[in-house]
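User: I have just opened this model and would like a short tour. Could we begin with the surface?

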Amino acid sequence: MQNDKLHTYIEKLTKERPPLLMEMEQYAEENGVPIMELVGIEALLQLLRIQQAKSILEVGTAIGYSALRMALALPESKIVTLERDEERIKLAGQFIQRSGREEQIIQLTGDALELEQEVAQHGPYDAIFIDAAKGQYQRFFEMYAPFLKDDGVIVTDNVLFKGLVCEDEIENKRIRSLVKKINLFNEWLMSHEDYDTVILPVGDGIAISKKR
């Protein structure tokens, strides 16, 4: 497939990451931990560099890979990241500590739908990055958008979900239900009266939403 060839081509051009990040990438691959695809996160980081984001909210820490990528790309920024999985929280904390970025990255523990007050204490935010339970994307967006600065940007990952969003027939019932939710979110987001949104087919698909 031509897109796969282009994807591989861009990945080969991307410079190698520091050893700790490479270790995290390997861990994620070996243990089935979802982290942002390389081309997608490079696009996200460039957007944040252009924006010169100083305060970032991340919904979905996993093992801390994207939080660390953002921290290293934007050393003057503050990143607040949310996660409910205790094992991943612990592992992310270890990676963050090893990186020496523990003062830059604030970990909040719990369900992202229940951390509104804690998140508010660290806001407002220049950017919000949503990369957690895909079936809850609209709820995450609606809950945390009020903490975005007037010139802020919201980036949502996985909105093309491995290309399944344009498939008419999906045998797996759970996947079919999830794809339906993502499609409904995409339609809702693209027609949102308060945001201009573009979906880029990089990584697993990222939506970039800018306040009008």
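Analyst: This is a predicted model. The accessible surface of the protein chain comes to about 11,700 Å², and carbon and sulfur atoms account for 48% of that area.

User: Where is there a nonpolar patch on the surface?

Analyst: Tyr9, Ile10 and Leu13 form one, with about 330 Å² of accessible area together. Tyr9 belongs to helix α1, which covers residues 2-13.

User: Is Tyr9 buried or exposed?

Analyst: Tyr9 counts as exposed, because its relative accessibility is 51% and the cut-off for exposed is over 50%.

User: Changing topic: how many helices and strands does the protein chain have?

Analyst: The protein chain has 8 helices and 7 strands.

User: And what about the overall dimensions?

Analyst: The C-alpha atoms fill a box of roughly 45 × 40 × 35 Å along the principal axes. The radius of gyration is 17 Å, which agrees with the value near 17 Å for a compact globule of 212 residues.

User: What share of the residues is buried?

Analyst: Buried residues make up 45% of the 212 in the protein chain. As for contacts between residues at least 6 apart in sequence, 68% join residues at least 24 apart.

User: Where is Thr61, and is it buried or exposed?

Analyst: Thr61 sits in the loop between β1 (55-59) and α4 (65-73). Thr61 is buried, with a relative accessible area of 2%.

User: What is Thr61 in contact with?

Analyst: Leaving aside neighbours within four places in sequence, Thr61 is in contact with Thr81, Leu82, Glu83 and Ala92. The side chains of Thr61 and Thr81 are joined by a polar contact of 2.6 Å.

How values were computed: Residues are numbered from 1 along each chain as its sequence is written. This is a predicted model: local features need pLDDT of at least 70, side-chain atom pairs count only at pLDDT 80 or more; totals for chains, interfaces and linings use all residues. Side-chain values use heavy atoms; hydrogens and water are left out. Patches are made of residues with over 30% relative accessible area and no salt bridge: like charges are joined within 9 Å, nonpolar side chains (Val, Leu, Ile, Met, Phe, Trp, Tyr) within 5 Å. Accessible areas come from the Shrake-Rupley method with a 1.4 Å probe; for residues, only the protein chains shown count as cover. A salt bridge is a side-chain nitrogen of Lys or Arg within 4 Å of a carboxyl oxygen of Asp or Glu. Helices (H or I, at least four residues) and strands (E, at least two) are DSSP runs, numbered from the N terminus. Buried means under 20% relative accessible area, exposed over 50%, partly exposed in between (1.4 Å probe, protein chains only). The radius of gyration is taken over C-alpha atoms; the globule rule is 2.2 Å times the number of residues to the power 0.38. Contact means heavy atoms within 4.5 Å. A polar contact is a pair of N or O atoms within 3.5 Å; within protein, one must be able to donate a hydrogen and the other to accept it, and residues adjacent in sequence count only if both atoms are side-chain atoms.
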